[in-house]
Amino acid sequence: MSQHRDLVHGELDDVSERVALDALNNRWALAAPSDFTSDVDVLNFALTLEYLEATFYEQGNARNLLTGQAKQYLTQVQKDEETHVQAITQTIQKLGGTPVAKPMVNFDGAFASKTMYLTTSFTFENEGVGAYLGAAGYIKNKNVLQAAAGIFGVEARHAAIVANLLNKPGENGVYMGAFETPKTKAQVLAAVKPFLVSQMTTMPGGNGSPNTGGGSTAGTQDSGLLTAGSAALLGGAGLAAYLATHRSTDADTAD
Amino acid sequence: MSTDELFNGEPVITFQRETDRRAFLRWAGLIGMGTALVTGGALNGMGDAGAAAPASTGGDLGILNYALTLEYLEFNFYAMGLSKGLLKGRDLELVTPIRGHEQAHVQAVMAAVTALKGTPVSKPTLKFPPKTFSSADNFLATATIFEETGVSAYQGQVTHIKSPAVLKAAATIAGVESRHAAILAHLTHGNPFPSPVEKNAPMSSVLAKVKPYLG
(Lines give C-alpha, C1' and ligand atoms only; values in the text may rest on other atoms or scores of the structure.)
Protein backbone atom coordinates (compact mmCIF):
# COMPACT_ATOMS: atom_id res chain seq x y z
CA MET A 1 0.00 0.00 0.00
CA SER A 2 3.04 2.20 0.17
CA GLN A 3 2.41 3.66 -3.23
CA HIS A 4 -0.73 5.19 -1.83
CA ARG A 5 1.03 7.00 0.93
CA ASP A 6 0.32 10.18 -0.93
CA LEU A 7 -3.34 9.56 -0.24
CA VAL A 8 -3.25 8.25 3.26
CA HIS A 9 -0.31 10.27 4.50
CA GLY A 10 0.98 7.48 6.62
CA GLU A 11 -1.87 7.70 9.06
CA LEU A 12 -3.03 4.24 8.20
CA ASP A 13 -0.07 2.71 9.94
CA ASP A 14 -1.33 4.13 13.19
CA VAL A 15 -4.60 2.26 12.95
CA SER A 16 -4.78 -1.48 13.06
CA GLU A 17 -7.18 -3.21 10.77
CA ARG A 18 -9.29 -4.42 13.62
CA VAL A 19 -9.58 -1.00 15.17
CA ALA A 20 -10.33 0.44 11.79
CA LEU A 21 -13.06 -2.08 11.10
CA ASP A 22 -14.57 -1.67 14.52
CA ALA A 23 -14.61 2.04 13.99
CA LEU A 24 -16.09 1.63 10.57
CA ASN A 25 -18.80 -0.47 12.14
CA ASN A 26 -19.44 2.19 14.74
CA ARG A 27 -19.89 4.69 11.98
CA TRP A 28 -22.99 2.80 10.96
CA ALA A 29 -24.18 1.68 14.32
CA LEU A 30 -27.05 4.07 14.31
CA ALA A 31 -29.81 1.70 15.17
CA ALA A 32 -30.16 0.82 18.81
CA PRO A 33 -28.95 -2.71 19.60
CA SER A 34 -32.46 -3.71 20.57
CA ASP A 35 -34.10 -2.31 17.44
CA PHE A 36 -34.49 -5.69 15.78
CA THR A 37 -34.07 -9.18 17.05
CA SER A 38 -34.52 -11.22 13.89
CA ASP A 39 -34.95 -11.06 10.16
CA VAL A 40 -38.69 -11.41 10.60
CA ASP A 41 -38.59 -8.48 12.97
CA VAL A 42 -36.86 -6.35 10.35
CA LEU A 43 -39.22 -7.56 7.67
CA ASN A 44 -42.29 -6.71 9.69
CA PHE A 45 -40.96 -3.23 10.24
CA ALA A 46 -40.40 -2.96 6.49
CA LEU A 47 -43.85 -4.39 5.83
CA THR A 48 -45.47 -1.68 7.93
CA LEU A 49 -43.68 0.97 5.93
CA GLU A 50 -44.55 -0.66 2.63
CA TYR A 51 -48.20 -0.94 3.63
CA LEU A 52 -48.11 2.73 4.51
CA GLU A 53 -46.58 3.64 1.17
CA ALA A 54 -48.79 1.39 -0.93
CA THR A 55 -51.95 2.69 0.72
CA PHE A 56 -50.72 6.25 0.40
CA TYR A 57 -50.29 5.92 -3.36
CA GLU A 58 -53.51 3.99 -3.81
CA GLN A 59 -55.42 6.80 -2.15
CA GLY A 60 -53.37 9.62 -3.63
CA ASN A 61 -53.45 8.38 -7.19
CA ALA A 62 -57.21 7.92 -6.90
CA ARG A 63 -57.56 11.66 -6.29
CA ASN A 64 -56.42 12.47 -9.82
CA LEU A 65 -54.16 15.23 -8.63
CA LEU A 66 -51.53 14.41 -11.18
CA THR A 67 -51.32 14.50 -14.93
CA GLY A 68 -48.90 13.48 -17.62
CA GLN A 69 -45.52 12.15 -16.61
CA ALA A 70 -46.08 12.73 -12.89
CA LYS A 71 -49.18 10.58 -13.05
CA GLN A 72 -47.38 7.90 -15.00
CA TYR A 73 -44.45 7.83 -12.60
CA LEU A 74 -46.54 7.65 -9.46
CA THR A 75 -48.67 4.92 -10.94
CA GLN A 76 -45.48 2.91 -11.31
CA VAL A 77 -44.41 3.80 -7.80
CA GLN A 78 -47.71 2.53 -6.46
CA LYS A 79 -47.23 -0.78 -8.26
CA ASP A 80 -43.71 -1.08 -6.89
CA GLU A 81 -44.89 -0.55 -3.32
CA GLU A 82 -47.69 -3.06 -3.77
CA THR A 83 -45.16 -5.55 -5.06
CA HIS A 84 -42.97 -4.87 -2.03
CA VAL A 85 -45.89 -5.56 0.30
CA GLN A 86 -46.54 -8.87 -1.38
CA ALA A 87 -42.89 -9.88 -1.55
CA ILE A 88 -42.18 -9.06 2.08
CA THR A 89 -45.36 -10.77 3.25
CA GLN A 90 -44.40 -13.92 1.39
CA THR A 91 -40.86 -13.79 2.68
CA ILE A 92 -42.02 -13.52 6.29
CA GLN A 93 -44.28 -16.51 5.74
CA LYS A 94 -41.48 -18.51 4.17
CA LEU A 95 -39.38 -17.81 7.23
CA GLY A 96 -42.14 -19.14 9.43
CA GLY A 97 -43.09 -15.72 10.73
CA THR A 98 -46.39 -13.90 10.95
CA PRO A 99 -46.77 -10.78 8.88
CA VAL A 100 -47.99 -7.75 10.79
CA ALA A 101 -51.43 -6.52 9.92
CA LYS A 102 -51.93 -3.67 7.56
CA PRO A 103 -51.83 -0.48 9.61
CA MET A 104 -54.72 1.93 9.62
CA VAL A 105 -53.70 5.19 8.17
CA ASN A 106 -54.82 8.75 7.84
CA PHE A 107 -53.35 10.93 5.15
CA ASP A 108 -55.56 13.92 5.79
CA GLY A 109 -54.02 16.96 4.27
CA ALA A 110 -51.54 15.05 2.18
CA PHE A 111 -53.89 15.10 -0.77
CA ALA A 112 -54.90 18.75 -0.54
CA SER A 113 -52.87 19.56 -3.62
CA LYS A 114 -50.49 18.08 -6.10
CA THR A 115 -47.59 19.69 -4.26
CA MET A 116 -48.72 18.35 -0.90
CA TYR A 117 -49.10 14.89 -2.38
CA LEU A 118 -45.64 14.89 -3.91
CA THR A 119 -44.07 16.48 -0.85
CA THR A 120 -45.47 13.76 1.39
CA SER A 121 -44.32 11.17 -1.12
CA PHE A 122 -40.84 12.67 -1.00
CA THR A 123 -40.84 12.24 2.78
CA PHE A 124 -42.03 8.65 2.65
CA GLU A 125 -39.53 7.60 0.02
CA ASN A 126 -36.55 9.13 1.77
CA GLU A 127 -37.65 7.66 5.09
CA GLY A 128 -37.89 4.32 3.35
CA VAL A 129 -34.36 4.61 2.04
CA GLY A 130 -33.02 5.43 5.50
CA ALA A 131 -35.11 2.73 7.14
CA TYR A 132 -33.85 -0.07 4.92
CA LEU A 133 -30.29 1.08 5.30
CA GLY A 134 -30.57 1.39 9.05
CA ALA A 135 -32.09 -2.06 9.39
CA ALA A 136 -29.84 -3.86 6.91
CA GLY A 137 -27.22 -4.65 9.50
CA TYR A 138 -29.69 -6.77 11.42
CA ILE A 139 -30.50 -9.09 8.56
CA LYS A 140 -28.79 -12.45 8.76
CA ASN A 141 -30.30 -14.42 5.92
CA LYS A 142 -28.46 -13.58 2.72
CA ASN A 143 -31.52 -13.97 0.55
CA VAL A 144 -33.48 -11.61 2.75
CA LEU A 145 -30.59 -9.19 2.60
CA GLN A 146 -30.52 -9.35 -1.18
CA ALA A 147 -34.22 -8.62 -1.38
CA ALA A 148 -34.00 -5.78 1.11
CA ALA A 149 -31.09 -4.25 -0.78
CA GLY A 150 -33.03 -4.50 -4.00
CA ILE A 151 -36.05 -2.80 -2.51
CA PHE A 152 -33.87 -0.16 -0.86
CA GLY A 153 -32.46 0.82 -4.25
CA VAL A 154 -35.90 1.17 -5.75
CA GLU A 155 -37.03 3.41 -2.89
CA ALA A 156 -34.01 5.57 -3.67
CA ARG A 157 -35.14 5.75 -7.30
CA HIS A 158 -38.60 6.81 -6.19
CA ALA A 159 -37.16 9.46 -3.90
CA ALA A 160 -35.06 10.95 -6.67
CA ILE A 161 -37.81 11.02 -9.26
CA VAL A 162 -40.41 12.49 -6.91
CA ALA A 163 -37.92 15.15 -5.86
CA ASN A 164 -37.40 15.99 -9.49
CA LEU A 165 -41.15 16.25 -10.04
CA LEU A 166 -41.12 18.81 -7.23
CA ASN A 167 -38.31 20.59 -9.03
CA LYS A 168 -36.13 20.31 -5.98
CA PRO A 169 -32.44 21.15 -6.29
CA GLY A 170 -30.13 18.46 -7.64
CA GLU A 171 -28.15 18.20 -4.45
CA ASN A 172 -30.01 18.04 -1.17
CA GLY A 173 -33.21 17.33 -3.00
CA VAL A 174 -33.00 14.83 -5.83
CA TYR A 175 -29.81 13.46 -4.29
CA MET A 176 -29.13 13.47 -0.59
CA GLY A 177 -25.38 13.52 -0.79
CA ALA A 178 -22.79 11.08 -2.04
CA PHE A 179 -23.83 8.48 0.54
CA GLU A 180 -27.25 7.48 1.74
CA THR A 181 -27.86 8.03 5.42
CA PRO A 182 -29.24 5.22 7.59
CA LYS A 183 -32.01 5.92 10.04
CA THR A 184 -32.94 4.22 13.26
CA LYS A 185 -36.31 2.63 13.74
CA ALA A 186 -37.22 5.38 16.18
CA GLN A 187 -36.37 8.07 13.66
CA VAL A 188 -38.43 6.43 10.97
CA LEU A 189 -41.39 5.81 13.25
CA ALA A 190 -41.34 9.42 14.41
CA ALA A 191 -41.50 10.57 10.80
CA VAL A 192 -44.36 8.31 9.77
CA LYS A 193 -46.27 8.39 13.04
CA PRO A 194 -48.55 11.27 11.97
CA PHE A 195 -49.96 9.02 9.27
CA LEU A 196 -50.44 5.89 11.33
CA VAL A 197 -53.76 5.77 13.07
CA SER A 198 -53.05 2.41 14.54
CA GLN A 199 -51.68 -0.95 13.87
CA MET A 200 -53.94 -3.81 14.65
CA THR A 201 -52.53 -6.01 17.35
CA THR A 202 -54.29 -9.08 16.08
CA MET A 203 -51.98 -10.90 13.78
CA PRO A 204 -53.49 -12.30 10.65
CA GLY A 205 -54.63 -15.74 11.65
CA GLY A 206 -55.12 -17.16 8.19
CA ASN A 207 -52.93 -16.99 5.17
CA GLY A 208 -52.01 -13.40 5.87
CA SER A 209 -52.36 -12.38 2.27
CA PRO A 210 -52.14 -8.62 2.08
CA ASN A 211 -55.02 -6.48 1.08
CA THR A 212 -53.34 -3.94 -1.09
CA GLY A 213 -56.41 -2.81 -2.90
CA GLY A 214 -58.87 -0.09 -2.34
CA GLY A 215 -56.98 2.16 -0.01
CA SER A 216 -59.20 1.31 2.88
CA THR A 217 -58.74 3.12 6.13
CA ALA A 218 -61.43 1.14 7.82
CA GLY A 219 -60.71 -0.15 11.23
CA THR A 220 -60.95 1.12 14.72
CA GLN A 221 -58.46 -0.69 16.87
CA ASP A 222 -56.33 1.95 18.43
CA SER A 223 -53.47 -0.02 19.75
CA GLY A 224 -50.37 -1.65 18.49
CA LEU A 225 -47.63 0.25 16.82
CA LEU A 226 -48.31 3.59 18.39
CA THR A 227 -49.56 2.80 21.83
CA ALA A 228 -47.45 -0.25 22.41
CA GLY A 229 -44.38 1.16 20.77
CA SER A 230 -42.00 -1.07 18.99
CA ALA A 231 -43.34 -4.17 20.67
CA ALA A 232 -46.10 -4.28 18.12
CA LEU A 233 -43.54 -4.83 15.41
CA LEU A 234 -42.31 -8.01 16.97
CA GLY A 235 -43.51 -11.07 15.23
CA GLY A 236 -44.77 -12.90 18.31
CA ALA A 237 -45.11 -16.60 17.84
CA GLY A 238 -43.84 -16.33 14.31
CA LEU A 239 -40.58 -15.02 15.61
CA ALA A 240 -40.14 -17.99 17.89
CA ALA A 241 -40.91 -20.33 15.05
CA TYR A 242 -38.38 -18.61 12.91
CA LEU A 243 -35.71 -18.79 15.54
CA ALA A 244 -36.36 -22.46 16.02
CA THR A 245 -35.40 -23.16 12.46
CA HIS A 246 -32.95 -20.37 11.83
CA ARG A 247 -30.96 -20.33 14.99
CA SER A 248 -28.19 -17.81 14.84
CA THR A 249 -25.61 -16.91 17.39
CA ASP A 250 -26.72 -13.44 18.20
CA ALA A 251 -30.47 -13.70 17.91
CA ASP A 252 -30.83 -15.04 21.40
CA THR A 253 -32.35 -11.92 22.84
CA ALA A 254 -35.76 -12.97 21.65
CA ASP A 255 -37.60 -15.60 23.53
CA MET B 1 -6.31 12.98 -17.80
CA SER B 2 -5.48 13.34 -14.15
CA THR B 3 -7.65 14.90 -11.55
CA ASP B 4 -5.00 17.57 -11.17
CA GLU B 5 -5.51 18.59 -14.76
CA LEU B 6 -9.24 18.57 -14.32
CA PHE B 7 -9.24 20.64 -11.23
CA ASN B 8 -6.22 22.88 -11.73
CA GLY B 9 -4.57 21.71 -8.59
CA GLU B 10 -7.57 22.51 -6.45
CA PRO B 11 -8.33 20.06 -3.67
CA VAL B 12 -9.77 17.13 -5.52
CA ILE B 13 -12.51 16.31 -3.09
CA THR B 14 -15.13 18.93 -2.68
CA PHE B 15 -18.61 18.42 -1.40
CA GLN B 16 -21.81 20.07 -2.32
CA ARG B 17 -22.99 20.07 1.21
CA GLU B 18 -21.28 20.46 4.54
CA THR B 19 -23.00 17.31 5.77
CA ASP B 20 -21.43 15.38 2.91
CA ARG B 21 -18.03 16.58 3.85
CA ARG B 22 -18.56 15.68 7.46
CA ALA B 23 -19.97 12.29 6.58
CA PHE B 24 -17.02 11.55 4.41
CA LEU B 25 -14.55 12.76 6.99
CA ARG B 26 -16.18 10.64 9.60
CA TRP B 27 -15.77 7.62 7.43
CA ALA B 28 -12.34 8.47 6.13
CA GLY B 29 -11.17 9.47 9.56
CA LEU B 30 -12.40 6.36 11.21
CA ILE B 31 -10.42 4.20 8.92
CA GLY B 32 -7.37 6.34 9.00
CA MET B 33 -7.42 8.19 5.75
CA GLY B 34 -5.67 11.49 5.42
CA THR B 35 -7.46 14.76 4.97
CA ALA B 36 -5.12 16.70 2.76
CA LEU B 37 -7.29 16.01 -0.25
CA VAL B 38 -10.43 17.21 1.41
CA THR B 39 -11.32 20.83 1.27
CA GLY B 40 -11.36 22.40 4.67
CA GLY B 41 -10.65 19.09 6.27
CA ALA B 42 -10.37 18.86 10.02
CA LEU B 43 -10.08 15.43 11.38
CA ASN B 44 -9.87 13.82 14.72
CA GLY B 45 -7.24 11.17 14.43
CA MET B 46 -7.76 7.68 15.66
CA GLY B 47 -5.68 7.71 18.77
CA ASP B 48 -6.10 4.10 19.62
CA ALA B 49 -3.64 2.09 17.63
CA GLY B 50 -4.53 -1.40 18.64
CA ALA B 51 -2.32 -4.29 17.81
CA ALA B 52 -4.90 -6.93 17.13
CA ALA B 53 -4.25 -9.42 14.42
CA PRO B 54 -5.94 -8.59 11.15
CA ALA B 55 -9.27 -10.27 10.82
CA SER B 56 -9.97 -12.31 7.79
CA THR B 57 -11.77 -10.28 5.19
CA GLY B 58 -12.36 -13.02 2.69
CA GLY B 59 -13.12 -11.71 -0.73
CA ASP B 60 -14.13 -8.26 0.40
CA LEU B 61 -10.92 -6.73 -0.86
CA GLY B 62 -11.52 -8.11 -4.30
CA ILE B 63 -15.06 -6.80 -4.28
CA LEU B 64 -13.94 -3.37 -3.10
CA ASN B 65 -11.29 -3.14 -5.79
CA TYR B 66 -13.89 -4.16 -8.33
CA ALA B 67 -16.14 -1.38 -7.05
CA LEU B 68 -13.20 1.00 -7.14
CA THR B 69 -12.61 0.27 -10.80
CA LEU B 70 -16.24 1.00 -11.59
CA GLU B 71 -16.19 4.19 -9.55
CA TYR B 72 -13.01 5.35 -11.31
CA LEU B 73 -14.72 4.71 -14.60
CA GLU B 74 -17.79 6.65 -13.61
CA PHE B 75 -16.00 9.57 -12.06
CA ASN B 76 -13.70 10.08 -15.01
CA PHE B 77 -16.57 9.65 -17.42
CA TYR B 78 -18.54 12.46 -15.77
CA ALA B 79 -15.48 14.64 -15.34
CA MET B 80 -14.74 14.40 -19.05
CA GLY B 81 -18.33 14.71 -20.15
CA LEU B 82 -19.11 17.71 -18.00
CA SER B 83 -15.93 19.42 -19.13
CA LYS B 84 -17.32 19.43 -22.67
CA GLY B 85 -20.10 21.82 -21.76
CA LEU B 86 -22.76 19.73 -23.46
CA LEU B 87 -25.44 20.08 -20.83
CA LYS B 88 -27.59 23.03 -19.93
CA GLY B 89 -30.30 23.98 -17.50
CA ARG B 90 -31.92 21.27 -15.44
CA ASP B 91 -29.88 18.54 -17.16
CA LEU B 92 -26.71 20.24 -16.01
CA GLU B 93 -28.06 20.75 -12.51
CA LEU B 94 -28.96 17.08 -12.22
CA VAL B 95 -25.77 15.64 -13.67
CA THR B 96 -23.18 17.91 -12.05
CA PRO B 97 -23.63 16.51 -8.53
CA ILE B 98 -23.14 12.99 -9.87
CA ARG B 99 -19.54 13.78 -10.68
CA GLY B 100 -18.93 14.79 -7.09
CA HIS B 101 -20.65 11.69 -5.80
CA GLU B 102 -18.56 9.36 -7.93
CA GLN B 103 -15.44 11.14 -6.84
CA ALA B 104 -16.39 10.72 -3.20
CA HIS B 105 -17.12 7.05 -3.91
CA VAL B 106 -13.66 6.58 -5.41
CA GLN B 107 -12.05 8.04 -2.32
CA ALA B 108 -14.29 6.16 0.08
CA VAL B 109 -13.83 2.77 -1.56
CA MET B 110 -10.11 3.38 -1.78
CA ALA B 111 -10.06 4.20 1.92
CA ALA B 112 -11.97 1.03 2.69
CA VAL B 113 -9.46 -1.06 0.74
CA THR B 114 -6.65 0.56 2.64
CA ALA B 115 -8.40 -0.01 5.95
CA LEU B 116 -8.53 -3.70 5.15
CA LYS B 117 -4.77 -3.63 4.59
CA GLY B 118 -5.25 -4.06 0.90
CA THR B 119 -3.81 -2.22 -2.02
CA PRO B 120 -6.28 -0.14 -3.98
CA VAL B 121 -6.21 -0.85 -7.68
CA SER B 122 -4.77 1.91 -9.77
CA LYS B 123 -6.99 4.07 -11.84
CA PRO B 124 -7.64 2.13 -15.03
CA THR B 125 -6.70 3.53 -18.36
CA LEU B 126 -9.96 4.61 -19.84
CA LYS B 127 -11.06 4.97 -23.40
CA PHE B 128 -14.37 6.30 -24.52
CA PRO B 129 -15.61 5.88 -28.06
CA PRO B 130 -15.25 9.14 -29.98
CA LYS B 131 -18.95 9.76 -30.13
CA THR B 132 -19.43 9.40 -26.38
CA PHE B 133 -19.07 13.11 -25.82
CA SER B 134 -20.18 14.35 -29.22
CA SER B 135 -23.60 15.43 -27.99
CA ALA B 136 -25.63 15.76 -24.83
CA ASP B 137 -27.75 12.83 -25.95
CA ASN B 138 -24.74 10.56 -26.41
CA PHE B 139 -23.24 11.62 -23.10
CA LEU B 140 -26.47 10.92 -21.23
CA ALA B 141 -27.08 7.66 -23.11
CA THR B 142 -23.72 6.34 -21.96
CA ALA B 143 -24.34 7.67 -18.46
CA THR B 144 -27.55 5.73 -18.12
CA ILE B 145 -25.73 2.53 -19.12
CA PHE B 146 -23.02 3.14 -16.55
CA GLU B 147 -25.50 3.89 -13.79
CA GLU B 148 -27.69 0.88 -14.39
CA THR B 149 -24.58 -1.26 -14.63
CA GLY B 150 -23.28 0.22 -11.39
CA VAL B 151 -26.54 -0.46 -9.58
CA SER B 152 -26.61 -4.09 -10.69
CA ALA B 153 -22.93 -4.45 -9.83
CA TYR B 154 -23.38 -3.35 -6.21
CA GLN B 155 -26.56 -5.36 -5.87
CA GLY B 156 -24.73 -8.38 -7.25
CA GLN B 157 -22.18 -8.32 -4.45
CA VAL B 158 -24.62 -8.01 -1.55
CA THR B 159 -24.54 -11.69 -0.71
CA HIS B 160 -20.80 -12.01 -1.26
CA ILE B 161 -19.55 -9.29 1.06
CA LYS B 162 -18.48 -10.71 4.41
CA SER B 163 -17.73 -7.70 6.57
CA PRO B 164 -20.84 -5.92 7.87
CA ALA B 165 -18.91 -2.67 7.76
CA VAL B 166 -18.04 -3.11 4.11
CA LEU B 167 -21.60 -4.15 3.34
CA LYS B 168 -23.08 -1.07 4.88
CA ALA B 169 -20.53 1.16 3.24
CA ALA B 170 -21.35 -0.40 -0.12
CA ALA B 171 -25.06 -0.03 0.54
CA THR B 172 -24.77 3.69 1.23
CA ILE B 173 -23.16 4.02 -2.18
CA ALA B 174 -25.53 1.67 -3.97
CA GLY B 175 -28.57 3.73 -3.03
CA VAL B 176 -27.00 6.83 -4.52
CA GLU B 177 -26.26 4.96 -7.72
CA SER B 178 -29.93 4.00 -7.83
CA ARG B 179 -30.88 7.66 -7.61
CA HIS B 180 -28.48 8.44 -10.43
CA ALA B 181 -29.87 5.62 -12.54
CA ALA B 182 -33.43 6.84 -12.10
CA ILE B 183 -32.59 10.42 -13.00
CA LEU B 184 -30.53 9.42 -16.02
CA ALA B 185 -33.37 7.21 -17.20
CA HIS B 186 -35.71 10.16 -16.82
CA LEU B 187 -33.39 12.47 -18.74
CA THR B 188 -33.03 9.95 -21.56
CA HIS B 189 -36.76 9.19 -21.71
CA GLY B 190 -36.22 5.72 -20.36
CA ASN B 191 -37.92 4.01 -17.46
CA PRO B 192 -36.69 5.21 -14.06
CA PHE B 193 -38.31 2.20 -12.39
CA PRO B 194 -37.42 -0.78 -14.60
CA SER B 195 -38.00 -3.27 -11.81
CA PRO B 196 -39.77 -3.26 -8.42
CA VAL B 197 -36.61 -4.75 -6.92
CA GLU B 198 -33.18 -3.79 -8.21
CA LYS B 199 -31.62 -6.36 -10.49
CA ASN B 200 -28.24 -7.76 -9.66
CA ALA B 201 -25.44 -8.86 -11.91
CA PRO B 202 -22.38 -11.00 -11.29
CA MET B 203 -18.92 -9.53 -11.63
CA SER B 204 -18.28 -11.32 -14.90
CA SER B 205 -21.18 -9.77 -16.77
CA VAL B 206 -20.51 -6.31 -15.38
CA LEU B 207 -16.86 -6.48 -16.37
CA ALA B 208 -17.86 -7.65 -19.84
CA LYS B 209 -20.08 -4.57 -20.14
CA VAL B 210 -17.46 -2.08 -19.08
CA LYS B 211 -14.52 -3.78 -20.75
CA PRO B 212 -14.82 -1.68 -23.91
CA TYR B 213 -14.10 1.39 -21.79
CA LEU B 214 -11.09 -0.03 -20.00
CA GLY B 215 -7.94 0.49 -22.05
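In chain A, 83% of the contacts between residues at least 6 apart in sequence join residues at least 24 apart; two residues are in contact if their C-beta atoms, placed from the backbone, lie within 7 Å. For chain B, 78% of the contacts with a separation of 6 or more are between residues 24 or more positions apart. The model is predicted: local features need pLDDT of at least 70 and side-chain atom pairs count only at pLDDT 80 or more, while totals for chains, interfaces and linings use all residues. Residues are numbered from 1 along each chain as its sequence is written, and chains are lettered from A and ligands numbered from 1 in the order in which they are written.

Chain A contains 8 helices and 2 strands, in the order α-α-α-α-β-α-α-α-β-α from the N terminus. Helices (H or I, at least four residues) and strands (E, at least two) are DSSP runs, numbered from the N terminus. Of the 255 residues of chain A, 51% are buried, and in chain B the buried share is 48% of 215 residues. A residue is buried if 20 or more other C-beta atoms lie within 10 Å of its own, exposed if 12 or fewer, and partly exposed in between.

**Helix packing**

Two packed helices are described by the angle between their axes and the distance between the axes. Axes are lines fitted to C-alpha atoms, for helices over the stretch in contact, and angles run from 0 to 180 degrees between N-to-C directions.

| Helix pair | Angle | Axis distance |
|---|---|---|
| α5(B), residues 136-157, and α7(B), residues 203-210 | about 160° | 9 Å |
| α5(A), residues 114-136, and α6(B) | about 165° | 10 Å |

Within chain B, α5(B) and α7(B) are therefore roughly antiparallel to each other. Angles under 35 degrees count as roughly parallel, over 145 as roughly antiparallel, 65 to 115 as roughly perpendicular and the rest as oblique. The crossing of α5(B) and α7(B) is left-handed; a crossing is left-handed if the near helix is turned anticlockwise from the far one by less than a right angle, and right-handed if clockwise. From α5(B), the residues B:Thr149, B:Ser152, B:Ala153 and B:Gly156 meet B:Met203, B:Val206, B:Lys209 and B:Val210 of α7(B). By class, this contact has 4 nonpolar, 3 polar and 1 charged residues. Here Ala, Val, Leu, Ile, Met, Phe, Trp, Tyr, Cys and Pro count as nonpolar, Asp, Glu, Lys and Arg as charged, and the others, Gly among them, as polar.

Between the chains, α5(A) and α6(B) are likewise roughly antiparallel to each other, and their crossing is right-handed. A:Val129, A:Leu133 and A:Ala136 of α5(A) make this contact with B:Lys168, B:Ala171, B:Thr172 and B:Gly175 of α6(B). The residues involved divide into 4 nonpolar, 2 polar and 1 charged.

**Core and selected residues**

The largest nonpolar core has 111 residues, of which A:Ala46, A:Tyr132, A:Ala148, B:Ala112 and B:Ala170 touch the most other members. A nonpolar core is a set of buried Ala, Val, Leu, Ile, Met, Phe, Trp, Tyr and Cys residues joined through C-beta atoms within 7 Å. Apart from neighbours within four places in sequence, A:Tyr132 is in contact with A:Ala46, A:Ala148, A:Ile151, A:Phe152 and A:Glu155.

B:Ile173 lies in helix α6 of chain B, which spans residues 164-187. B:Ile173 is buried, with 23 other C-beta atoms within 10 Å. Leaving out neighbours within four places in sequence, the contacts of B:Ile173 are A:Phe179, B:His105 and B:Tyr154. The C-alpha atoms of B:Ile173 and B:Gly150 are separated by 10.0 Å, and the two residues are 23 residues apart along the chain.
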